Amino acid sequence: MRTLQKQDKEIFDLIKKEEKRQTETIDLIASENYPSKAVREALGSIYVAKYSEGRPYKRYYGGMENVDALEILVEQRVRKAFGIREEWAVNVQPYSGSPANYAVYRGILERGDTILSLDLSHGGHLTHGSPVSLSGTDYRIVHYTVDRKTQQLDYDAIAKLALETRPQLIIAGYSAYSRIIDFAAFGKIAQKVGARLMADTAHITGLIMGKMHPSPFPHADIVTTTTHKTLRGPRGAMIICREELREKIFPKVFPGLQGGPHNHTIAAIGVALKEAMSPAFRAYASQIVKNAKQLAKSLQQLDFQIISGGTDNHVMLVDLRNKDILGKQAQELLESSGIVANRNTIPFDPNPPFNPSGVRFGTPAVTTRGMKEKEMKQIASWISEVISNPASAPRVKKEVASFCKQFPIPD
Ligand SMILES: Cc1ncc(COP(=O)(O)O)c(C=O)c1O
């Protein structure tokens, strides 16, 4: 970055400050991860200069031979990494997860059609029909929830609700749900009521490719995912749908919602997909889950309430109400100790979303830094110490910074 340093000290300094912040803190935000150096090199490549509106071999501009080859290669890698064949159409152009989801809705639904999805406050995503998202204003939204007692999905209750409300689209796949999703059960429900099934695997794509979570294929008609969470790619997204839906959905990405694809991002997604097919990635995905299970167990031993009693994946929700603290204050306190996480609603939360009753912890980023079960026990102990004794935060912050030196963000 010597050129940048010489040319633009202000931005250079802010990058260096952010690098220091990330290096010296523990990132427990479940949706964040560190891409490899190879991914970042592709992201910084000359592809950033190229316009390529359209689809491979059907473009509006010249100079396409390498862009076409790149996009086709990345689409093939998507199929290979998910273990699917040509009957699935792949689009790696969506700028991010939110526009990918919206392109699907606009492609297969009419205004006023019904979407059945998990309530945001139970672990769903804004783009699954929250009233503050366009998805919630253009369609009739019916939400299922987790079961009050088990705090897990109740597939019989979802089937009943589907029969009563007759949705055109059912969404499975979440931002804060810590249990295995039974995509086969969702597929059966969708078939029974004549709905399409969309799996939004944004959070768990790396776990699916690393064989730690069942695949949504062939149960879902459409799969959307971001590429920057457990997958360790650049910020981006993709849509995979049954071939017969291609002509409905893909024109909503371009020209419907977007202009030129971000070819540098597509190159970096390709690099991440190659990494995700390696034996090392399988071990990584398995360690993410082992770490999450250990963190949840250690927190439980320190009298923290984990929603649904544990985790099967990379994420957990903690109900803080027995600790006499709410999510916002806990988030701020943890941050002052060098532990970065986000406040989160818990199912049936009596408190408002701006200051909900819970926090969400995830293990993808700490696992990328090489932390294992032993370190999860240490992190749980710091979390407990700081929450029960806020005065310990400055000391813990120093300990965290020194601990983090042993786990550099990898190249
Ligand atoms: C399940 C799910 N879908 C979609 C998105 C949206 O992705 P983006 O933030 O890239 O728009 C997220 C982001 O957290 C998510 O968790």
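Let's start inside this predicted model, at histidine 125, which is buried because 23 other C-beta atoms lie within 10 Å of its own, and 20 or more are enough to count as buried. Setting aside residues up to four places away in sequence, histidine 125 touches Tyr174, Ser175 and Asp200. As for proline 94, 31 residues separate it from histidine 125 in sequence, and the C-alpha to C-alpha distance between the two is 17 Å.

Now move on to lysine 229. In UniProt, an unreviewed entry carries the annotation "modified residue: N6-(pyridoxal phosphate)lysine" for Lys229. You will find lysine 229 in the loop between strand E9 (222–226) and strand E10 (237–242). Lysine 229 is also buried, since it has 28 other C-beta atoms within 10 Å. Beyond its neighbours within four places in sequence, lysine 229 contacts Ser31, Asn33, Ala202, His203, Gly206 and Pro364.

With those two residues placed, step back to the whole fold. The protein contains 16 helices and 15 strands. Its radius of gyration is 21 Å, close to the 22 Å that the globule rule gives for 411 residues, so the protein is as compact as a globular protein of that length. Of the 411 residues, 49% count as buried. Finally, consider the contacts between residues at least 6 apart in sequence: 73% of these join residues at least 24 apart.

How values were computed: Residues are numbered from 1 along each chain as its sequence is written. This is a predicted model: local features need pLDDT of at least 70, side-chain atom pairs count only at pLDDT 80 or more; totals for chains, interfaces and linings use all residues. Helices (H or I, at least four residues) and strands (E, at least two) are DSSP runs, numbered from the N terminus. The radius of gyration is taken over C-alpha atoms; the globule rule is 2.2 Å times the number of residues to the power 0.38. A residue is buried if 20 or more other C-beta atoms lie within 10 Å of its own, exposed if 12 or fewer, and partly exposed in between; C-beta atoms are placed from the backbone. Two residues are in contact if their C-beta atoms, placed from the backbone, lie within 7 Å. UniProt positions are given in the numbering used here, feature names are shortened, and annotations may be inferred rather than shown by experiment.
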